[in-house]
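This report walks through one protein model, domain by domain. Please keep the sequence and the structure open while reading.

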Amino acid sequence: MRIGVLSHRGTEATYRMWSPTADYLTRQVQDHLFEIVPLNFDRVDPTVAAGEVDFILVNPGIYVNLEVRHRVSRVATLNNKIGGESHNQFGGVAFTRSDNRDIHRLADLRGTRFMAVDKTSLGGYQMIWGELMDIGIDPRQDLSSLSFGNTHDNVVMAVRNGEVDAGTVRTNILERMANSGQIDLAEFRVIAPITTDNFPFLKSTHLYPEWPFSKVQHTSNKLAQQVAIALLNMPTDHSAAISGNYAGWTIPLDYQPVHELFRKLELPPYNISKKFTLRDVVKRYFYGFILGSILLILLVMISSWILRLNRELRKAKLCLERQHTLILNSVADGIYGVDDSGNSTFVNQAMEKITGWPAEEIIGKNQHELLHHTRADGSPFPACECPVYATFKDSVPRIIQDDIFWKKDGSSFPVEYASSPLKDDKGKTIGSVVIFRDVSDRKKAEEQARQHLNELAHVTRFNTMGGMIAGIAHEINQPLTAIATNAHACIRLLDSGEDQSEKVSDIIEKIGAQAERAGEIIRQLRSFVRKEEPQRLMVNINTIIEETILLLAPEAKKSQVSIELNLDKTLKKVPIQTIQIQQVIINLAQNAIEAMSEVAENQRHLTIATAAAGNNAITVSIADTGPGIERKVAEQLFNPFVTTKTRGMGLGLSISKGIIDLHKGSLFLNNNSSQGATFRFTLPLNPGGELNAK
Ligand SMILES: Nc1ncnc2c1ncn2[C@@H]1O[C@H](COP(=O)(O)OP(=O)(O)OP(=O)(O)O)[C@@H](O)[C@H]1O
Ligand SMILES: [Mg+2]
């Protein structure tokens, strides 16, 4: 059995004092061997908690802690041997010098210099502290100074020497020191002395029980009983008692007064302050409190800064949004955004106005289904072919010049629009933005201009023909003369009565061919002066040129101009209004023929050539060997009414330019005065097609 003993005087002394008591118990209690385990102050609690001892002998202060925390229970109380007598209680005594006139009652200690033995000393501090608290004095605050002398003797001497005004020690100390001649009791006066029967020593406090011998929780009651009986039976003069400097044991005393004292002084295990004030917190966690306060202030500052920043950001955002909306709404073109599923994300006011769809009805809806469902020719427009969809799929911007959108009221309008990819911060395409313009007015104006041009072209064709008609009439006259001559020859052959049928059929064949030739020229003439349907046909430009030559040839012949054709046979077909293009060729050729009248007859050559111009267009050039064009005239050549001819109207080139523009091609002059002039025009193969904006 292990008996833990508080070793307040060192391990050696503890063994020496208490081993005889252990041996005594080993002898008295059968079948058990007792041994002493000296424990310093710090080891007591963990050792008991771990159940490493079976009994424990400690001072009353520690005992009440163990009782509360580990449920140890006392089996006997020590009889202390004091001055040859046995006492199982002790107290504290407060005293001052006998010549001190001010201190008589405990209340007089307020504001004095006071010395006690140690903070943890029950008799040498805590008992008198309890008495002072009862009369409202807190020695930690209400004294002018509170010091600790570490030993009882030091306290007594400090009071005697006047280092302090008063002091406290446990009972019997003054008497012991007086007996040993260290002091004279007459030098001291006990403050507020209390007398108790059977207690001979001077004291100022109540009495409290001496050290208890206790069993820990796991020790059986039966063994505890056997130990208690053995201890109580120990004679006061037993050698074990003498070694331990005590006078045997008595029945366990009541330790409730110690509990109450500790509760009053808020000492462990009762150190949970009931009144836990802010001041206590500050005192106990001063640095934490300061740090916490600084952090709190910082936090408040940062929070208010963030709040302000947030407010400013929100204001800036609002301002930006307002500006953004203002800009969007001040644009006359319709603007809307679509996400990557094709649903509208925003629209501007112009878009609402143009389409008739209010923002709330279009946002979040599929734009293609609302605006773009049907093509101009009435066929359905599948979303997968929509350029806006294509834009957010391949992130390539597009400009579409010829399309239609549908309004809420079911009508459509011509549009030209640009669809650009909309990217997020990381550059990922998340949709597209479409800017569109209702081009109804422009289309109307274009249509009017086209009609005007058509009319004008038609009128001027008559004029052109006027100049060419003599030559053409002559040209037709030739086959007619040949037909007449051949017809006469036929008649003669038939009249001869011989069988000339073979010859006759040869001649009739020639007549047919001549009639065919004359008929073709007239057909061309008729088609040239008729009003053309405004539709484009896919035709081979070389054929058009060859047909046009039929009309030009007589004029050229008359003016002694040779015509050379240099045609690229591999050309693709182009969409054109044939008569208009014919008119351009005739205008340019006529100008060339007229210009070449100024040069020698044998140097009049007209060359008409065709070639591909890249993959998407063809080019036609009409070159002459005339004098070329003066720079001054060249600058305004294509303006109407610019002419150097007395009978010219100055309309040929301006009409030609208008026609080529309508075909989305271009007409220009390559002038070289030494070699004559070359006019060139291009015609796109796909004029209405999609143009990528890059
Ligand atoms: N191949 C050419 N060589 C030299 N000058 C030319 C040539 N083609 C045009 N010009 C000049 O440009 C002018 C304008 O030509 P344009 O065909 O528009 O009118 P025009 O021939 O004078 O009259 P018209 O209305 O009868 O055609 C001509 O008057 C002529 O001076
Ligand atoms: Mg002309």
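## Where domain 1 meets domain 2

Two residue pairs are in polar contact across the interface of domain 1 and domain 2, with both residues at pLDDT 80 or more. On the side of domain 1 that touches domain 2, β4 (73-82) and α10 (256-265) are the elements that give two or more residues. Helix α10 gives the most there, with four residues. The model is a predicted one.

Nine residues of domain 1 are in contact with twelve residues of domain 2. The area buried between these two domains is about 930 Å². Carbon and sulfur atoms give 70% of that area. Which residues of domain 1 lose the most area to domain 2? They are I82, K264 and L265, together 53% of what that side buries. The centres of the two domains, taken over C-alpha atoms, are 29 Å apart.

## Charged pairs

Side chains of opposite charge can pair when their charged atoms come close. The count between domain 1 and domain 2 is two salt bridges. In one salt bridge, the side chains of D134 and K264 meet at 2.9 Å, N to O. K264 is also among the residues of domain 1 that lose the most area to domain 2.

The count of salt bridges in the model comes to 26. Another pair is D153 with R176, at 3.2 Å, N to O. This pair links distant parts of the chain. D153 lies in helix α6 and R176 in helix α7 (residues 173-179), 23 residues apart.

## Domain layout

The protein is divided into five parts: domain 1 (2-85 + 210-265), domain 2 (90-206), domain 3 (277-328), domain 4 (331-438) and domain 5 (444-684).

Strands of a sheet pair through backbone hydrogen bonds, either parallel or antiparallel. Here an open sheet of five strands has the order β9-β8-β10-β7-β11, with mixed pairing.

Strand β7 (residues 92-97) pairs with β10 (residues 166-170) in the antiparallel sense, over five bridges. In this pair A94 stands opposite T168 of β10.

Two helices lie across strands of the sheet. Helix α4 (residues 122-134) lies across β7, β8 (113-116), β9 and β10, and runs at about 115° to β10. Helix α6 (residues 152-160) lies across β7, β8, β10 and β11, at about 155° to β10.

Strands β15 (residues 334-339) and β16 (residues 344-347) run antiparallel, joined by three bridges. V338 has S344 of β16 as its bridge partner. Four residues lie between the strands of this hairpin, and G342 takes a positive phi near 90°.

Strand β17 (residues 398-406) pairs with β18 (residues 412-423) in the antiparallel sense over seven bridges. I404 is bridged to P414 in β18. This hairpin has five residues between its strands, and G410 in the turn has a positive phi of about 90°.

β18 also pairs with β19 (residues 429-438), antiparallel over nine bridges. A418 has I435 of β19 as its bridge partner. β18 and β19 form a hairpin with five residues between them. Which residue in that turn has a positive phi? It is G427, at about 85°.

How values were computed:
Residues numbered from 1 in each chain as written. Chains lettered and ligands numbered in written order. Heavy atoms only, no water. Pairing = 2+ DSSP bridges. Contact = heavy atoms within 4.5 Å. Axes fitted to C-alpha atoms, helices over the stretch in contact; angles between N-to-C directions. Domains from an automatic or database assignment. Buried area = accessible area lost by both parts, 1.4 Å probe. Salt bridge = Lys/Arg side-chain N within 4 Å of Asp/Glu carboxyl O. Polar contact = N/O pair within 3.5 Å; in protein donor to acceptor, adjacent residues only side chain to side chain.
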